Every structure is written in C-alpha cells, then in structure tokens.
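Subject: Model for your review

Hello,

Please find the model below, with my notes after it. Have a look at the structure before you read on.

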Amino acid sequence: MEKLTKMVRETAKNLLAEKQVDLVVGFAEGTLPLRCTPVFVRDPAGAEALVWNSSCENNLANYLRKRPEKVGVIAKGCDVRSIVGLIKENQIDRDKVVIVGIPCDGMIDRKKVDACLEGRELTEAAEKADSLVLKGRDFEISVPKAELMHDSCATCRYGNPVIYDILLGDPAPDKGEDTFADIKAFEARPAAERMQYFAEQMSKCIRCYACRNACPMCYCKECFVDCATPQWIGKGDDLSDTVIFHAVRALHVAGRCADCGACDRACPVGVDIRKLSRKMTKDVKELFAYEPGANMDDKTFLAAFKPEDQQSFLVEE
Amino acid sequence: MEGDRVNFAWVSAAEGGRFADLVKKITERVEKIGPHEGLLKKRIEV
C-alpha cells in the first residue's frame with residue numbers, strides 16, 4: 001500500500017507538473033483511522049497529500065461530471081465503471097479526463113470493523129497484505145481483510161479498471177462470474193415476506209438523500225423527490241413515500257448502476273439499498289445481456305433496441 | 001404489488017378495437033384482484 005501511495009503521488013505530481021491536467025481528484029488521509037477522504041489537488045506540491053489504501057471507498061466518478069478543466073482521477077475498478085457509464089451519457093468528456101487506474105481487491109467496511117472493536121475506540125489501523133491490524137488503548141487485534149470487505153466488494157467482478165490511461169499496481173485476481181446468489185435467495189422468498197423485509201428496511205430511512213448524493217449516476221438537475229410542481233411524492237418519512245422513493249431510484253439507475261455500493265456506504269441508518277438496485281442489475285444482465293460500464297463499445301442499455309429483445313412483460317391478449 | 005395489477009401493452013393509435021378489448025380485459029382482471037392494500041398512506045384519524 002505504501003508503494004502504491006508513492007506511485008500515486010509521483011503520477012499525480014507528473015501529471016500536474018507537465019500540465020497534462022489542471023486537477024487531480026484522489027484520496028487523502030482522513031482525520032480518523034480508516035477514513036480516507038476525497039481530495040482535489042491543483043499544484044504538484046499538493047500531490048504529497050495523496051494516499052492509497054483499503055479505505056479509499058468513495059466513488060470519485062461523482063466529482064467528474066461536466067468539469068470545465070482537464071482532470072486526472074485516481075480510480076479503482078468500480079469508479080472506472082461509473083466513469084465509462086458517464087462518458088457514454090455525455091457527462092464526462094473522455095478527452096478531458098486522465099484515468100489513473102488502480103486494481104482493487106475490495107475496500108474495508110467500517111461497520112464491520114466497528115463490530116470487531118466491540119465498542120472500543122480505534123486510534124490506529126495498519127494494513128498488511130491479507131490482514132488489518134486494529135490498534136487502540138490497551139488492545140491490538142489482527143483481522144483478515146476478507147472478513148472486513150464491503151458486501152459490494154465481495155460480489156464485484158471488476159476490480160481491474162476496464163479502461164485507463166495509466167495503470168498502477170498489480171492486477172486483481174479474476175473472481176469469475178457473479179452468481180447473484182444473494183438476490184436469487186431473496187427472490188425465492190414469498191411476496192409477503194419480501195414486502196415485510198422492505199418495510200423493515202425502508203422504515204429506517206430518514207430521507208436524507210445521502211444515497212442519491214453519493215451516487216455518480218444520480219445527476220438530474222432536479223430530482224423527482226425535490227420537485228414541487230408536481231410533487232410526485234410526499235416529503236415526510238411515511239413508509240409509502242419512502243418505498244416509492246427507493247423503488248423509483250432503483251428504476252432510474254436500472255441498467256446504469258455499476259453496483260459500486262456508494263449508496264449503501266453513504267446511508268447513515270443502514271438501509272439495504274443494494275437489494276433493489278442489484279435486482280435491477282441482475283435482470284438487465286439476464287434479460288438483455290448488458291452490464292453497465294463493463295466496456296466502452298456497448299450502447300447504453302436504454303438507448304439500444306434489438307428486435308429480439310425480451311417482451312415477457314407485455315400483457316397477454 | 002400483485003403481479004396482474006400492472007399491465008403493459010403496445011397499441012397503435014389506429015387499433016381502436018384492440019385497445020378497447022385490452023382495456024376491458026385488464027379492467028376485469030384488476031377488478032378480480034380488488035382494491036390495493038399495500039402502499040397506502042393512512043389518513044390521520046381525528
């Protein structure tokens with residue numbers, strides 16, 4: 001990781017010094033352990049602030065839309081998939097972005113770390129090849145990294161950036177096809193039980209819209225939830241409104257969501273947002289053989305029409 | 001949402017007869033399901 005940090009700094013410094021880019025978006029150390037935070041670097045000396053480790057979890061594609069300047073971005077696999085999606089939707093100009101890709105084995109879920117700490121305060125975290133050493137006053141524990149991964153990282157099959165201008169680090173191992181076992185198991189449950197699950201999850205939602213704000217694909221100038229004329233849904237925390245919000249958001253990102261998990265991570269109350277969006281991901285993949293952001297060549301899912309497209313949703317006459 | 005409650009069909013503006021038949025069929029189907037009791041806002045009782 002220290003090696004990668006060094007490479008990131010050097011690359012950013014060169015890009016800025018050679019005026020290939022005006023800005024580098026990357027990660028800097030946060031104020032607390034395991035809380036790396038996005039940072040904007042505009043001069044070569046500032047590149048020293050950049051770091052790379054397993055808590056660089058934000059999706060940086062969110063900062064790249066419609067930027068006037070040339071931008072370099074330190075991007076892991078899921079960031080790059082979102083960038084590809086945004087390039088196809090004309091939100092990012094490919095000629096104005098320099099993608100510094102870093103293969104990713106998965107990022108650490110702080111909620112899982114907290115569970116290991118059992119209420120103790122974390123003051124330092126050190127990353128080893130396969131484990132994370134958590135230190136605080138009077139304790140030091142080592143936990144395998146695989147146990148601390150985000151759920152979205154466990155199912156991710158695109159750790160290696162699909163496009164890049166510069167690639168740093170060693171390639172991530174190939175994990176094979178995503179089986180969607182979690183979604184299939186959920187689909188098999190009876191409808192009433194599924195509704196019950198969603199009611200439980202959504203009733204936690206405080207409608208802060210952090211999920212929408214963290215999502216690189218949620219960029220409507222006026223989101224349907226903010227719209228007042230007409231007011232599509234109520235603004236309170238009534239369960240029916242909240243379920244509509246999450247259902248409509250899932251539909252809006254259908255065939256566009258790269259399943260980066262940014263929504264899940266941003267949620268302050270732990271709503272299982274990915275259950276809906278991943279179901280859409282699965283359906284789009286199975287019905288239309290399309291994976292968002294998997295390559296630059298495919299036309300976006302909703303912009304393409306094939307005569308042999310599935311029509312099983314049409315009413316029987 | 002019950003499976004039969006949402007129905008999609010592709011009907012041309014020139015297919016008036018077919019449209020009427022479809023609407024009749026769908027109305028019958030939805031009436032059979034009855035009123036929806038899932039996502040409803042509860043009116044505040046005074």
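**The A–B interface**

In this predicted model, 12 residues of chain A are in contact with 12 residues of chain B (contact means heavy atoms within 4.5 Å). Some conventions come with the model: residues are numbered from 1 along each chain as its sequence is written, and chains are lettered from A and ligands numbered from 1 in the order in which they are written. Local features need pLDDT of at least 70, side-chain atom pairs count only at pLDDT 80 or more, and totals for chains, interfaces and linings use all residues, while side-chain values use heavy atoms, with hydrogens and water left out.

About 930 Å² is buried between chain A and chain B, and carbon and sulfur atoms give 64% of that. Buried area here is the accessible area (1.4 Å probe) that two parts lose on being put together, summed over both.

The rule finds 1 residue pair in polar contact across the interface, both at pLDDT 80 or more. A polar contact is a pair of N or O atoms within 3.5 Å; within protein, one must be able to donate a hydrogen and the other to accept it, and residues adjacent in sequence count only if both atoms are side-chain atoms.

Helix H8 (residues 239-252) of chain A gives the most to the side of chain A that touches chain B, with 4 residues. Helices (H or I, at least four residues) and strands (E, at least two) are DSSP runs, numbered from the N terminus. By class, that side of chain A has 6 nonpolar, 2 polar and 4 charged residues. Ala, Val, Leu, Ile, Met, Phe, Trp, Tyr, Cys and Pro count as nonpolar, Asp, Glu, Lys and Arg as charged, and the others, Gly among them, as polar.

**The three-stranded sheet**

In chain A, 3 strands form an open sheet in the order E5-E6-E7, with antiparallel pairing. Two strands pair if DSSP finds at least two bridges between them. Strand E5 (124-127) and strand E7 (139-144) of chain A are the edge strands, each pairing on one side only. From one strand to the next, the twist averages 20°. Axes are lines fitted to C-alpha atoms, for helices over the stretch in contact, and angles run from 0 to 180 degrees between N-to-C directions.

E5(A) is joined by 4 bridges to strand E6 (residues 131-136) of chain A. Glu124(A) has Lys135(A) in E6(A) as its bridge partner. Helix H3 (residues 110-117) of chain A packs on the sheet. H3(A) touches E6 and E7 of chain A, and its direction makes about 55° with that of E6(A).

Both ends of H3(A) have something to check. At its start, a side-chain oxygen of Asp109(A) reaches to within 2.9 Å of the backbone nitrogen of Lys111(A). Just after H3(A), Glu118(A) takes a positive phi of about 50°.

E6(A) and E7(A) are joined by 6 bridges. Val133(A) stands opposite Ser142(A) in E7(A). The hairpin of these strands has 2 residues between them, and Asp138(A) takes a positive phi near 65° there.

Over all chains, the structure holds 26 salt bridges. In one of them, Glu127(A) pairs with Lys145(A), the closest N and O atoms being 2.9 Å apart. Glu127(A) lies in strand E5 of chain A and Lys145(A) in the loop between E7 and helix H4 (151-155) of chain A, so the pair ties together parts that are 18 residues apart in sequence.

**The five-stranded sheet**

A further open sheet in chain A has 5 strands in the order E2-E1-E3-E4-E8, with mixed pairing. Strand E2 (37-41) and strand E8 (166-167) of chain A each have a single partner strand, so one side of each is left without a neighbour in the sheet. E1(A) and E2(A) run antiparallel, joined by 5 bridges.

Best wishes

Notes
A salt bridge is a side-chain nitrogen of Lys or Arg within 4 Å of a carboxyl oxygen of Asp or Glu.
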